[in-house]
Amino acid sequence: MKTILVFAAALAACNGKPPGDDAPRSVVAAQEKGMDDFEKDNPKWKFAAGKWERRSGVLAQTAETQPWAVAILEDRKFADVDVTVKFRLISGKEDASGGILFRAKDAKNYYVVRANGLEDNFRLYTMKDGGRSQLASAKVDAARLGEWHTMRVVAKGSKLQAYLNGKLLIDHEDKSYADGYVGLWTKADSVTEFDDLEVSGSK
């Protein structure tokens, strides 16, 4: 598997005190587990927006899509869920991002956490009827283009925690969505590759 380059992150949450190293980590009691290494077609993926293609063992979003490219794994709906994916930002002038969406009702209603290679932040949003609202943000060194990174989201009840390269950066509470599908996300002209999606959770 490809080497993951971990970068240092200087953290500052948008709503004040960031989660420290001693912040309690949410743990999901998994009743179901799944993974996709993108080596072969999976008919349960719904590519709602963007141009998604499997190439050389990764899933890539390759076309400019306004405003967002969305892929939903319509396999299982989860309430509490733990999702991890590896991602590589290839290019983008307007935006160079990749994200995990979770508790998705459909392509216009979900949570998303994303990293951006052109900005020094890592953010959590809600999407409601196609409109995006920011819930939380952490200040980081921008994810470098062309290098592999990891992203993880753990949602347990109203507690939403997000990690970048193994570091807990977002610790937030929100009750907008209680359950739904997981998926992947990019913005605008981002060309982004994803690999080794792992999902565990309960309904």
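Biologist: Which side chain makes a polar contact with the side chain of D196?

Modeller: A polar contact is a pair of N or O atoms within 3.5 Å; within protein, one must be able to donate a hydrogen and the other to accept it, and sequence neighbours count only if both atoms belong to side chains. Here the partner of D196 is the side chain of K86, at 3.3 Å. This is a predicted model, so local features need pLDDT of at least 70 and side-chain atom pairs pLDDT 80 or more, while totals for chains, interfaces and linings use all residues. Residues are numbered from 1 along each chain as its sequence is written, and side-chain values use heavy atoms, without hydrogens and water.

Biologist: Is D196 buried or exposed, and in which strand does it lie?

Modeller: D196 counts as buried, at 14% relative accessibility (buried is under 20% relative accessible area, exposed over 50%, partly exposed in between, with a 1.4 Å probe and protein chains only). D196 belongs to strand β15, residues 191–202 (strands are DSSP runs of E, at least two residues, numbered from the N terminus).

Biologist: Why is strand β9 described as largely enclosed?

Modeller: In β9 (residues 121–128), 6 of the 8 residues are buried, so the rest of the structure largely encloses the strand. Two strands pair if DSSP finds at least two bridges between them. Strand β8 (residues 109–116) and β9 are antiparallel over 6 bridges, with A115 opposite F122 in β9, and a hairpin of 4 residues joins β8 to β9. β9 is also antiparallel to β10 (residues 131–139), over 8 bridges, and there Y125 faces Q134 in β10. The hairpin between β9 and β10 has 2 residues, and D129 in that turn has a positive phi of about 50°.

Biologist: Which backbone angles deserve a look?

Modeller: Most residues other than glycine have a negative phi, and most peptide bonds are trans. R103, not a glycine, has a positive phi of about 50°; R103 sits in strand β7 (residues 97–106) and is buried at 2% relative accessibility. A188 has a positive phi near 55°, lies in strand β14 (residues 180–188) and is buried at 1%. The peptide bond from Q66 to P67 is cis, with omega near -10°, and P67 is in strand β5 (residues 65–78).

Biologist: How many aromatic pairs are there?

Modeller: Phe, Tyr and Trp (six-membered) rings pair if their centres lie within 6.5 Å; planes under 30 degrees apart are stacked, over 60 edge-to-face, the rest tilted. The count comes to 6 aromatic pairs. F38 and W45 are tilted, 6.0 Å between centres and 45° between planes. Y111 and Y177 are edge-to-face, at 5.4 Å and 85°. Y111 lies in β8 and Y177 in the loop between β13 (167–173) and β14, so this pair ties together parts 66 residues apart in sequence. Ring pairs also link F38, W45, F47, W52 and F194 into a cluster.
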